[in-house]
Amino acid sequence: MSFEKFINQAISSWMSSEGPDADIVLSSRIRLARNIQQYKFPTQFSNEEAKEIIQLIKEKLSSGLFPVPNDMELLLMEGLQPLQKRVLVEKHLISPHLAEDATQGACVLSDMEDISIMINEEDHIRIQCLFPGLQLSEALDQANRIDDWLEEHVHYAFDEHIGYLTSCPTNVGTGLRASVMMHLPGLVLTQQINQIVPAISQFGLVVRGIYGEGSEALGNIFQISNQITLGKSEEDIVEDLQSVVTQIISQERYAREALVKTSNIQLEDRVFRSYGILSNSRVIESLEAAKCLSDVRLGIDLGYIKGLSKNILNELMILTQPGFLQQYAGGPLRPHERDIRRATLIRERLKMEDNE
């Protein structure tokens with residue numbers, strides 16, 4: 001396994017299979033935040049302590065007894081170029097914080113890229129598991145296996161009354177962040193999303209953009225996750241999120257059905273106009289590309305467009321991000337140059353799909 005695989009291949013291996021409710025739910029993610037008892041939190045520790053933590057985790061993972069049958073590779077952040085780290089962020093393999101602020105950070109990635117263990121991010125250890133479609137329970141089971149195994153080898157910072165101790169108080173307790181990435185063009189086009197987002201917050205959940213906190217909902221893709229980590233079990237948190245997501249799936253399907261019934265020709269026209277833009281543009285900005293890709297994915301789901309893979313949205317949403325575009329170009333690009341290369345890449349990718 002080589003590092004080039006992680007940064008040159010837009011679609012992670014786990015994305016190639018289709019999970020439950022894949023027409024709306026792109027992925028499910030579980031992240032567990034943990035700290036090691038004998039070390040200061042990353043906000044306070046020294047560079048020497050940070051290096052010791054990396055070495056400790058490396059030794060445990062190289063023992064050959066890792067509980068998940070997957071090849072793992074350790075990447076040191078200080079050994080990566082800024083552009084390489086940006087690509088890993090765009091693939092959701094590491095956080096922006098680890099890429100930008102963790103001078104003594106590292107990440108352990110699985111060959112399938114469905115497991116990412118970030119070291120010395122905001123906490124000493126952050127275990128992330130990704131599954132296609134709506135598979136929160138499956139992702140939690142896998143994260144718990146890794147967590148239980150690590151807990152046998154290192155002493156976690158834990159309090160009997162409040163649970164796992166973390167750098168940020170909002171993660172104290174279970175240390176769990178469960179999230180689901182959803183494609184919701186029906187709710188956006190019918191403007192129902194404006195009522196749904198405030199309602200979701202009443203359930204202790206938060207709605208963010210495609211790259212988490214502070215990011216935009218590019219291409220009608222929304223990330224829904226829990227806010228509460230204290231006072232609930234991991235299973236209860238996941239069950240509550242699953243319940244709300246299931247309701248949103250139903251509402252999105254009703255919205256799509258309503259659009260087909262009341263505005264079918266306009267919707268079909270929108271889809272094929274977007275497909276035409278993507279197929280023929282010579283210059284395209286990221287926002288327009290994301291909007292058109294969302295329309296095309298909706299057209300695939302509704303049966304308007306035949307012969308295109310549903311994975312086209314997942315793949316091109318990553319391929320057309322600034323980091324990936326510059327990685328393919330072999331160096332930095334000015335914004336206008338990125339827009340030209342983005343259009344070229346999309347045209348070539350759609351031609352590949354047509355020829356298969």
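On the helix 8 side are Arg256, Leu267, Arg270, Val271, Ser274, Tyr275, Ile277 and Leu278; their partners in helix 9 are Glu288, Ala289, Lys291, Cys292, Leu293, Asp295, Val296, Leu298, Gly299 and Asp301. Sorted by class, the residues of this contact come out as ten nonpolar, two polar and six charged. Here Ala, Val, Leu, Ile, Met, Phe, Trp, Tyr, Cys and Pro count as nonpolar, Asp, Glu, Lys and Arg as charged, and the others, Gly among them, as polar. The model is a predicted one, in which local features need pLDDT of at least 70 and side-chain atom pairs count only at pLDDT 80 or more, while totals for chains, interfaces and linings use all residues. Residues are numbered from 1 along each chain as its sequence is written, and side-chain values use heavy atoms, with hydrogens and water left out.

Now for the geometry. Two packed helices are described by the angle between their axes and the distance between the axes. Axes are lines fitted to C-alpha atoms, for helices over the stretch in contact, and angles run from 0 to 180 degrees between N-to-C directions. Angles under 35 degrees count as roughly parallel, over 145 as roughly antiparallel, 65 to 115 as roughly perpendicular and the rest as oblique. The helices themselves (H or I, at least four residues) and the strands (E, at least two) are DSSP runs, numbered from the N terminus. Helix 8 goes past helix 9 in a left-handed crossing, meaning that the near helix is turned anticlockwise from the far one by less than a right angle (right-handed if clockwise).

Helix 9 also packs against helix 10 (residues 311-319), at an angle of about 170° and with the axes 9 Å apart. That makes helix 9 roughly antiparallel to helix 10. Ala290, Leu293, Ser294, Arg297 and Ile300 of helix 9 make this contact with Ile312, Leu313, Asn314, Leu316 and Met317 of helix 10. The tally of classes for helix 9 with helix 10 is seven nonpolar, two polar and one charged.

Asn314 turns up again in the surroundings of methionine 15, a residue in the loop between helix 1 (3-8) and strand 1 (25-34). Leaving aside neighbours within four places in sequence, methionine 15 is in contact with Asn311, Asn314 and Ile318. The C-alpha atoms of methionine 15 and asparagine 314 are separated by 8.1 Å, though the two are 299 residues apart along the chain. At 9% relative accessibility, methionine 15 counts as buried; buried means under 20% relative accessible area, exposed over 50%, and partly exposed in between (1.4 Å probe, protein chains only).

Another helix pair is helix 3 (residues 82-90) with helix 11 (residues 322-329), whose axes come within 8 Å and cross at roughly 135°. Helix 3 is therefore oblique to helix 11, and passes helix 11 in a left-handed crossing. Leu83, Gln84, Arg86, Val87 and Glu90 in helix 3 meet Pro322, Gly323, Phe324, Gln326 and Gln327 in helix 11. This contact has four nonpolar, four polar and two charged residues.

Next come the loops. Asparagine 171 sits between strand 7 (163-164) and strand 8 (176-183) and is buried, with a relative accessible area of 3%. Not counting residues up to four places away in sequence, asparagine 171 touches Arg31, Glu122, Arg126, Thr166, Arg177 and Thr229. Its C-alpha atom is 5.7 Å from that of threonine 229, 58 residues away along the chain.

Most residues other than glycine have a negative phi, and most peptide bonds are trans. Asparagine 120, in the loop between strand 4 (115-119) and strand 5 (125-132), has a positive phi near 60°. Asparagine 220, in the loop between strand 9 (205-208) and strand 10 (221-226), also has a positive phi near 60°. Asparagine 120 is buried at a relative accessible area of 3%, and asparagine 220 is buried at 15%.

Finally, the structure holds three aromatic pairs. Rings of Phe, Tyr and Trp (its six-membered ring) pair if their centres lie within 6.5 Å; planes under 30 degrees apart count as stacked, over 60 as edge-to-face and the rest as tilted. The rings of tyrosine 156 and tyrosine 164 are edge-to-face, with centres 5.9 Å apart and planes at 80°. Phenylalanine 158 and tyrosine 164 are edge-to-face too, with centres 4.9 Å apart and planes at 70°. Tyr156, Phe158 and Tyr164 form one aromatic cluster.

Key: Contact = heavy atoms within 4.5 Å.
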